[in-house]
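Subject: Structure handover

Hello,

Here is the structure I said I would pass on. My notes on it follow below.

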Amino acid sequence: MVNTLPNPYTNEETKININYFHCINKAQNRDDSFEVNHTCPNFHSEINYLVLNKGTAASQVNTYIAPDAPRSKSHQHLKHILLTDTSISYSKPNLMIENPDVESSHGNTMGGLNRDNLIYLQQRGISEEKAKVILSQSAIERASDTAFFSNLIKDYFIK
């Protein structure tokens, strides 16, 4: 998916938010690529990417900030949660910045559900499968709070 919103004739802010969430089952393979090109001043982009993975997932997020795009802001947040011992994830955030007057960041985390949290829930009589569901829902809630997912999308994935 390529998103280019040129705004060369104005000094107003141009914003784009990509909020992506996906569940991958054991038999599924998923390969996603996002590209955002900052081509004008005051261009702001935020990419929030969350995958709950039981299969194989790959993600690449590219952000390019052109020389003529001062005062741009770019933030990438990628998170892969591995739900089985056989889950495989690849993740590659890329920033290419050709203007020094920018604010940018990227984060990339990958791992399983917190083992201590799983044990804590199991010690209170919750099955391992139900504990995984609870912790997965918690990850979705945290992502939806920071990524401004609509309640409709949040309800769809949690139910």
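A residue is called buried when its relative accessible area is under 20%, exposed when that area is over 50%, and partly exposed in between. Aspartate 32 has a relative accessible area of 9%, so it is buried. Arginine 30, with 31%, is partly exposed. These two residues form a salt bridge, and their closest N and O atoms are 3.2 Å apart. Please keep in mind that this is a predicted model.

Salt bridges

How many salt bridges does the structure hold? There are three. Besides the one between aspartate 32 and arginine 30, there is a salt bridge between the side chains of arginine 115 and glutamate 128, at 4.0 Å from N to O. Arginine 115 belongs to helix α1 (residues 115-123) and glutamate 128 to helix α2 (residues 128-147), so this pair ties together parts that are 13 residues apart in sequence. Both partners count as partly exposed: arginine 115 has a relative accessibility of 47%, and glutamate 128 has 34%.

Glutamate 128 also forms a salt bridge with lysine 132, where the closest N and O atoms are 3.7 Å apart. This pair sits within helix α2, its two residues four apart, which is about one turn of the helix. Through shared partners, Arg115, Glu128 and Lys132 are joined into one network of salt bridges. As a general point, side chains of opposite charge can pair when their charged atoms come close.

The sheet

Next, the strands. Four of them make an open sheet in the order β2-β4-β6-β8, with parallel pairing. Which strands are at the edges? They are β2 and β8 (102-112), each of which pairs on one side only. From one strand to the next, the twist averages 0°.

Strand β4 is parallel to β2, and 11 bridges join the two.

Is β4 mostly covered or mostly open? It is mostly covered, with 10 of its 11 residues buried.

The cores

The largest nonpolar core has 14 residues. Within this core, the residues that touch the most other members are Phe34, Val36, Tyr49 and Val51. At least two residues of the core come from each of β2 (14-24), β3 (29-38), β4 (43-53) and β5 (56-65).

Another core, of 12 residues, lies apart from the largest one. Its members include Leu50, Leu52, Leu113 and Ile140. In soluble globular proteins, nonpolar side chains tend to be buried together.

Regards

Definitions and conventions: Residues numbered from 1 in each chain as written. Predicted model: local features only at pLDDT ≥ 70, side-chain atom pairs only at ≥ 80, totals over all residues. Heavy atoms only, no water. Core = buried A, V, L, I, M, F, W, Y, C linked by side-chain atoms within 4.5 Å. Buried < 20%, exposed > 50% of the residue type's maximum accessible area, 1.4 Å probe, protein only. Pairing = 2+ DSSP bridges. Axes fitted to C-alpha atoms, helices over the stretch in contact; angles between N-to-C directions.
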